[in-house]
Amino acid sequence: MKPSRKVAGRGPMRGPDKKRADSKKARIIFGVSAAFMVLFGVVAVMARQPDTDPLTGCPTGDRAPEAHTVILIDETDQLSAADVRFGRDLIMTEYRWLPLGGRMTVRNILADPTEAEDISFCRMATESRTGGVLDNDKAIKSQFDRVAGRKLSELFANLAEAPVQTKSPIMESVASTMDRSDFGSNVDHRRLVIYSDMAQHSDLYSNYSSHGRRNSGPSEEALEELSRDMSDVDVRLQYIRRRSLARIQGSGHKEFWKNYFTSMDANVAIGHDLLLGEPEDRETWVAGSG
């Protein structure tokens, strides 16, 4: 009978081999645990919401917003009841489109631009009692009213009773908006909405003197003062028609404004629709749904 032979690696490890195996296993367990701890820390940091101002819903601190929509509303002439309703829907729709944390600023256009006032607030998450994030019109409207409702109601009350003003410095208001520190090129998504009859009238340039003719425009000196780099800015000109401006308004007037913004490299659309320049399947806010 042949003597039996031991098969290498089948018997129990002893001495140095067992110590090395135990040490290797310990290192693996420690490495996996450390990796999970790092991953958990990263997720926790990413999930942590920044502190917000309870009055505006905006993150505190000086960091630039991910997105900023500025809505300029022309207060140099009265708005009809229908125009006021559309203006409310316009603001709510633009607010609905903001990403969480995105900033909205509603500012009036006045004869004296230095007297214009900001109503500024941010898109906030609205959570249900179960902790889930709600993104329906009722929840959005409730949160919106909490941070901006009263101030905007006062603005629209003023718009319905606004006296006709001596000047309408639309171009100056645009230039001032582009100079804002929170509307610079460090903001990834910039959107400028102008709700106006677009009848510019100021010392620098007036549509009234040119009646919207396509071959007229600001002087070189005025352009030097008014022009800004608007590349990557989405501009939406919500055009209010007025019978009193029949001589000025029309296709030539619209073309003038489109060319004006295009010359500054803006992505511009002009008309009168909540989906102006947007895909038809994009959701808007529906009046009465809140």
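How many helices and how many strands are there in the protein chain? After that, please zoom in on the aromatic cluster: which residues do ring pairs link together there?

A: Counting first: the protein chain has seven helices and eight strands (DSSP runs numbered from the N terminus, H or I of at least four residues for helices, E of at least two for strands). Before the close-up, note that this is a predicted model, in which local features need pLDDT of at least 70 and side-chain atom pairs count only at pLDDT 80 or more, while totals for chains, interfaces and linings use all residues. Residues are numbered from 1 along each chain as its sequence is written, and side-chain values use heavy atoms, with hydrogens and water left out.

Now the rings. A search through the whole structure turns up eight aromatic pairs (centres within 6.5 Å for rings of Phe, Tyr and Trp, the six-membered one for Trp; planes under 30 degrees apart are stacked, over 60 edge-to-face, the rest tilted). In the cluster you asked about, ring pairs tie together Tyr-205, Phe-256, Trp-257, Tyr-260 and Phe-261.

Start with Phe-256 and Trp-257: their planes stand at 75 degrees and their ring centres are 5.3 Å apart, so this pair is edge-to-face. Phe-256 and Trp-257 are both buried (under 20% relative accessible area; exposed is over 50%, partly exposed in between, with a 1.4 Å probe and protein chains only).

Trp-257 also pairs with Tyr-260: here the centres are 5.6 Å apart and the planes at 85 degrees, so this one is edge-to-face too. Trp-257 and Tyr-260 sit three residues apart in helix H7 (residues 251–262), which is about one turn of the helix. Like Trp-257, Tyr-260 is buried.

Follow the chain out of H7 and you get to Asp-265, in the loop between H7 and strand S8 (267–271). Asp-265 has a phi near 70 degrees, a positive value in a residue other than glycine. Its relative accessibility is 52%, so Asp-265 counts as exposed. Asp-232 has a phi near 70 degrees as well, again positive without being a glycine. Asp-232 belongs to the loop between helix H6 (220–226) and strand S7 (233–239), and it counts as exposed because its relative accessibility is 66%.

Back in H6 itself you'll find Glu-221. With a relative accessible area of 58%, Glu-221 is exposed. From Glu-221 to Leu-204 is 17 residues in sequence and 8.6 Å in space, C-alpha to C-alpha.

Go past S8 instead and there's another glutamate to look at: Glu-278 lies in the segment after S8. Glu-278 is buried, at 15% relative accessible area. If you leave out residues up to four places away in sequence, Glu-278 touches Trp-97, Arg-191 and Arg-236 (contact means heavy atoms within 4.5 Å). Take Arg-236 from that list: Glu-278 is 42 residues from it in sequence, yet their C-alpha atoms are 9.8 Å apart.

Asn-108 gives another view of the chain coming together. Asn-108 is part of strand S2 (residues 103–109), and at 11% relative accessibility it counts as buried. Its C-alpha is 5.8 Å from that of Asp-74, although 34 residues separate Asn-108 and Asp-74 along the chain. Setting aside neighbours within four places in sequence, Asn-108 is in contact with Ile-73, Glu-75, Ala-116, Glu-117 and Leu-155.

Rings also turn up with charges over them. Arg-123 lies over the face of Tyr-95, 5.6 Å from the ring centre (NZ of Lys or CZ of Arg has to be within 6 Å of the centre and within 35 degrees of the ring normal). Phe-183 has a charge over its ring too: the charged end of Arg-190 sits 5.9 Å from the centre.

Of the 290 residues in the protein chain, 42% are buried. Among its contacts with a separation of 6 or more, residues 24 or more positions apart account for 76%.
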